[in-house]
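I opened this notebook to record what I looked up in the structure. The entries follow in the order in which I made them.

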Amino acid sequence: MRDLVDGWPFWVVLVVFWLGATARGTATYWVGRGVRAGGARTRWAHHLDRPAVARAEGFVRRVGPPAVTLGFLTIGLQSAINASSGMLRMPLRRFLPAVVLGALLWAVLYTTVGLTVVDAALGRVPWWWLLVVAGLVVAVVLAARRVRRVADRS
């Protein structure tokens with residue numbers, strides 16, 4: 001991966017990663033919307049009209065955008081969160097700002113920390129940088145937990 005971006009200005013790599021992550025997150029959302037629309041035409045459609053589904057949709061409309069944004073800081077959950085947002089019909093006016101911000105967070109982290117980890121694994125950067133990376137990851141996790149607690153209180 002590093003070979004693909006060597007020689008590019010930092011801001012170009014950042015913008016390309018950001019646009020790619022935004023496109024992927026939005027495409028996953030639309031796949032979820034399509035699954036939901038397709039499910040409405042099957043024999044299981046009556047399950048989509050249950051009160052529990054309506055409550056879940058209401059919850060996603062209210063609380064979902066921070067989950068979308070923070071989902072970009074996870075490994076393995078990001079696609080599930082974005083697809084679920086589509087399946088549960090999160091309004092685009094809430095989803096798009098969340099996905100744009102989350103993709104920007106991901107692009108900044110991957111452009112700075114992520115590529116450094118790759119270089120360290122390949123022996124191009126001293127291993128002590130991994131300690132710096134670990135410290136940054138811990139700081140992001142603690143900040144995300146604090147934001148979540150503040151959001152839960154309000």
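Entry 1. I take a residue as buried when its relative accessible area is under 20%, as exposed when that area is over 50%, and as partly exposed in between. The model is predicted.

Entry 2. I looked up the fold of the protein chain and found six helices and zero strands. Along the sequence the pattern reads α-α-α-α-α-α. Of the 154 residues, 30% count as buried.

Entry 3. I then turned to helix α2, which covers residues 10-39. The buried residues I noted in α2 are Val-13, Leu-14, Phe-17, Ala-21, Thr-22, Gly-25, Thr-26, Thr-28, Tyr-29, Gly-32 and Arg-36.

Entry 4. I checked the length of α2 against expectation. With 30 residues at 1.5 Å a residue, helix α2 should span 44 Å, and the C-alpha atoms at its ends lie 43 Å apart, so the two values agree.

Entry 5. I looked for nonpolar surface and recorded a patch of about 440 Å², made by Phe-10, Trp-11, Val-15 and Leu-19. Phe-10 belongs to helix α2. Phe-10 counts as partly exposed because its relative accessibility is 48%, a value that falls between the 20% and 50% cut-offs.

Entry 6. Arg-145, Arg-146, Arg-149 and Arg-153 form a positive patch. I located Arg-153 in helix α6, residues 128-153. Arg-153 has a relative accessibility of 66% and therefore counts as exposed.

Definitions and conventions. Residues are numbered from 1 along each chain as its sequence is written. This is a predicted model: local features need pLDDT of at least 70, side-chain atom pairs count only at pLDDT 80 or more; totals for chains, interfaces and linings use all residues. Side-chain values use heavy atoms; hydrogens and water are left out. Patches are made of residues with over 30% relative accessible area and no salt bridge: like charges are joined within 9 Å, nonpolar side chains (Val, Leu, Ile, Met, Phe, Trp, Tyr) within 5 Å. Accessible areas come from the Shrake-Rupley method with a 1.4 Å probe; for residues, only the protein chains shown count as cover. A salt bridge is a side-chain nitrogen of Lys or Arg within 4 Å of a carboxyl oxygen of Asp or Glu. Lys and Arg count as positive and Asp and Glu as negative; His and the chain ends are not counted. The place of a charge is taken as NZ of Lys, CZ of Arg, CG of Asp or CD of Glu. Helices (H or I, at least four residues) and strands (E, at least two) are DSSP runs, numbered from the N terminus. Buried means under 20% relative accessible area, exposed over 50%, partly exposed in between (1.4 Å probe, protein chains only). The expected span of a helix is 1.5 Å times one less than its number of residues.
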